[in-house]
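User: Please take a close look at the charged side-chain pairs in this model. Then set them in the context of the helix packing and a few individual positions.

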Amino acid sequence: MPSPTTDPATDFVAATPAPAWARALRRFNDWWLGDIGGGPRVLKFAWIINAQKAGTFFFLGALMAFYAGRTPAATSTAAWIYLALHGSYGLVWLIKDLAFSDPNWQKRVTWGAAAAGAFGLAMYWSFGWLLISGTAQPRYPLPDGAWYCLCISLCLLGSVIMIAADAQKYYTLRLRRGLITDGLHRYVRHPNYLGEMMLYAGFALLVGHWLPWLWLAYVWSTLFATNMVMKEASLSRYPGWAAYRRRSWWLIPGLI
């Protein structure tokens, strides 16, 4: 991607346009999660997200109670660990939202978009159902204890990275606009997405089924990648962007 250019006379930096595929996907995502079905915008998208996060612990617990006695998977060690990880993550999200809510989720959406968003969020609940119902029959490539350690570590580290990055962005932008090039953003330009991908990868590894990976691949490729590319196109208008881009990684240090 070419670097933005600066006009020495005005010190104005011309932003690099986002690629056509990213602009097209952004229009689709805005329609799918904002305007589908038409009509008045009645609900904040944050309400839908927070309802799903708040209900995760109870939903997974109810699944375990329902399938208890029907399948040993319902009360397995993996199921209890999954409940702790995914259920607690939902509560952590709510605490984060109380402390520093993301303005991007405050937009109001149509009833159709609310239903589409609820369906997408419910797909994350399907991860737990696969494991607890016994539909998934995970065969871990490492001993169970070692695999649990890996999954728990990914979730904990991912949560911390995501929350720390969101907090840094929220409080920095309250004081000044422009590039954030220190802290977690010093080496990685999108640490909040990296953290969220890590924790959901931990969930998928624990479930040991192809469906979570299929859903995550869809979300990461159509929503996360689009948002990251569009964000970089927007940030390219700031002085110092080209140098920051050269010395930092897009998502994973040492890889991309």
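Analyst: Arginine 41 and aspartate 35 form a salt bridge, with the closest N and O atoms 2.4 Å apart; the term covers a side-chain nitrogen of Lys or Arg within 4 Å of a carboxyl oxygen of Asp or Glu. This is a predicted model, in which local features need pLDDT of at least 70 and side-chain atom pairs count only at pLDDT 80 or more, while totals for chains, interfaces and linings use all residues. Residues are numbered from 1 along each chain as its sequence is written, and side-chain values use heavy atoms, with hydrogens and water left out.

Arginine 41 is partly exposed because its relative accessible area is 41%, and aspartate 35 is also partly exposed, at 31%. The classes are buried under 20% relative accessible area, exposed over 50%, and partly exposed in between, computed with a 1.4 Å probe on protein chains only.

The whole structure contains 3 salt bridges. Another of them pairs aspartate 166 with lysine 96, where the closest N and O atoms are 3.2 Å apart. This pair links distant parts of the chain, 70 residues apart: aspartate 166 is in helix H5 (residues 144-175) and lysine 96 in helix H3 (residues 77-99). Helices are DSSP runs of H or I with at least four residues, numbered from the N terminus. Both aspartate 166 and lysine 96 are buried.

Glutamate 232 and arginine 189 also meet through their side chains, at 2.6 Å from N to O. Glutamate 232 is buried, as is arginine 189.

Helix H7 (residues 210-235) also packs with helix H1 (residues 20-35); their axes come within 9 Å and cross at roughly 115 degrees. Axes are lines fitted to C-alpha atoms, for helices over the stretch in contact, and angles run from 0 to 180 degrees between N-to-C directions. H1 is therefore roughly perpendicular to H7; under 35 degrees counts as roughly parallel, over 145 as roughly antiparallel, 65 to 115 as roughly perpendicular and the rest as oblique. The crossing of H1 and H7 is left-handed, meaning that the near helix is turned anticlockwise from the far one by less than a right angle, whereas clockwise is right-handed. Residues in contact (heavy atoms within 4.5 Å) include Trp21, Arg23, Arg26 and Phe28 of H1 and Tyr218, Leu223, Val229 and Met230 of H7. By class, this contact has 9 nonpolar, 5 polar and 2 charged residues; Ala, Val, Leu, Ile, Met, Phe, Trp, Tyr, Cys and Pro count as nonpolar, Asp, Glu, Lys and Arg as charged, and the others, Gly among them, as polar.

Helix H3, which carries lysine 96, packs against H4 at an angle of about 165 degrees, with the axes 9 Å apart. H3 is therefore roughly antiparallel to H4, and their crossing is left-handed. Ala78, Ala79, Tyr82 and His86 of H3 meet Tyr124, Phe127, Gly128, Leu131 and Ile132 of H4. That contact of H3 with H4 divides into 7 nonpolar, 2 polar and no charged residues.

H4 (residues 111-132) also packs with H2 (residues 45-67), the axes coming within 10 Å and crossing at roughly 25 degrees. H2 is therefore roughly parallel to H4, and the crossing is right-handed. The residues of this contact include Ile48, Gln52, Phe59 and Tyr67 of H2 and Leu121, Tyr124, Trp125 and Trp129 of H4. In the contact of H2 with H4 there are 16 nonpolar, 5 polar and no charged residues.

Glutamine 52, in helix H2, is buried because its relative accessible area is 8%. Apart from neighbours within four places in sequence, glutamine 52 is in contact with Leu121, Tyr124 and Trp125.

Methionine 198 belongs to helix H6 and is buried, at 17% relative accessibility. With neighbours within four places in sequence left aside, methionine 198 contacts Leu154, Leu157, Gly158 and Ile161. Its C-alpha atom is 9.2 Å from that of methionine 162, 36 residues away in sequence.

Alanine 136, in the loop between H4 and H5, has 3% relative accessibility and so counts as buried. Not counting residues up to four places away in sequence, alanine 136 touches Leu130, Leu131, Val207 and His209.

Conventions: Helices (H or I, at least four residues) and strands (E, at least two) are DSSP runs, numbered from the N terminus.
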